[in-house]
Amino acid sequence: MKTKLLLTAFIALSGVTAKAQLQVQPIVGSEAGFRVTSTLVSGKKDAVLIDAQFLISEAQKVVDEIKQSGKHLTTVYITHWHPDHIFGSTIIQQAFPDAKFVALPATVKEIKDSWQEKAKEWKGVYKDNLADAVVIPEVLKGNTILLEGKKLEIHGPVQGDDTHNSYVYIPSIRTVVAGDVVYNGIYPWTREANKAQRQEWVKVLDKIAALHPAKVVAGHKDPAKEDNVETLAFMKEYLHFYDEARATADNKEAFIAKIKEKYPTLGLEVILQLGAGAEYPEK
Ligand SMILES: [Zn+2]
């Protein structure tokens, strides 16, 4: 009897421990929304969201998921200034007015400086599905967000698909939410990273690998893909091959063909085409 009681207590206790761990749920946008990831990190009662989607329809899906989870959204962290990570912010703010939007100083400045121009640029494409305003995040104090006493470490600014990217490391569950330092099953956005910057980007991938994460959530992903650590090796190989193809292809078409031949199954080819356009500018 005593043994049975002890056993019951042990099972109950281990159940509590398992529940107390933070949970990570990537919510992936549609193809029209560039398959951008918003990642919900949940504790027992509270939750933090990383990145705020691009389109209204996609941000609404994030809102629905959070409501369904029943968690209280305390914080929204924005990894970098690109419009696909911030334009859904007002939809999320309206649904969760308590949530505080935060970002690194460089990101806050770049969102302030760029959002109006980006709104004009994209309005013609997405019309009513693009919000007319964004939430300007507050500057994050320090480099940590606490969720029920557990740390979310912010690493940045670092080079990724832009010079001021950042990623989130959650030590308690050895998980990296990588923002646009990592793409998974999608052509990485290279249009704003030249050769020297791509080399810096590889160093950042090495730094993430050195954390020995068990899980890596990409900033853009094919929803069918696992969030596993192999995606870091893929990124390194892709960036290396990209340079190799650039050195050997005489023109944009040949360059695209080389990359597509090696990576025929990646999604959003438009990203590759735009990247190639920057490598082979029309004279
Ligand atoms: Zn992005």
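On one side of helix α5, the residues K195, A196, K203, D206 and A210 are exposed, meaning that 12 or fewer other C-beta atoms, placed from the backbone, lie within 10 Å of their own. The buried residues of α5 are W201, V204, L205 and I208; buried calls for 20 or more such atoms, and partly exposed is anything in between. These four cover an arc of only 105° around the axis, which puts them on the same side of α5; the arc is that of the directions from the helix axis to the C-beta atoms. An α-helix has 3.6 residues a turn, so residues three or four places apart point the same way.

A word on the model: it is predicted, so local features need pLDDT of at least 70 and side-chain atom pairs count only at pLDDT 80 or more, while totals for chains, interfaces and linings use all residues. Residues are numbered from 1 along each chain as its sequence is written.

What covers the buried side of α5? The cover of its buried residues includes β8 (150-158), β9 (165-170), β10 (175-177) and α6 (230-248). Helices (H or I, at least four residues) and strands (E, at least two) are DSSP runs, numbered from the N terminus. Just after α5, H212 takes a positive phi of about 50°.

Now to α6 and its partner, helix α7 (residues 252-262). Their axes come within 9 Å and cross at roughly 145°; axes are lines fitted to C-alpha atoms, for helices over the stretch in contact, with angles from 0 to 180 degrees between N-to-C directions. The residues that make this contact are listed here, where contact means C-beta atoms, placed from the backbone, within 7 Å.

| Helix | Residues in the contact |
|---|---|
| α6 | F241, Y242, A245, R246 |
| α7 | F255, K258, I259, K262 |

Further along, A278 lies in helix α8 (residues 269-279). A278 is partly exposed, with 13 other C-beta atoms within 10 Å. The C-alpha atoms of A278 and T190 are 8.6 Å apart, although 88 residues separate the two along the chain.

Finally, the whole protein. Its secondary structure comes to eight helices and 13 strands, and buried residues make up 42% of its 283 residues. The C-alpha trace spans about 80 × 40 × 30 Å along its principal axes. Among contacts with a separation of 6 or more, 69% are between residues 24 or more positions apart.

Key
Two residues are in contact if their C-beta atoms, placed from the backbone, lie within 7 Å.
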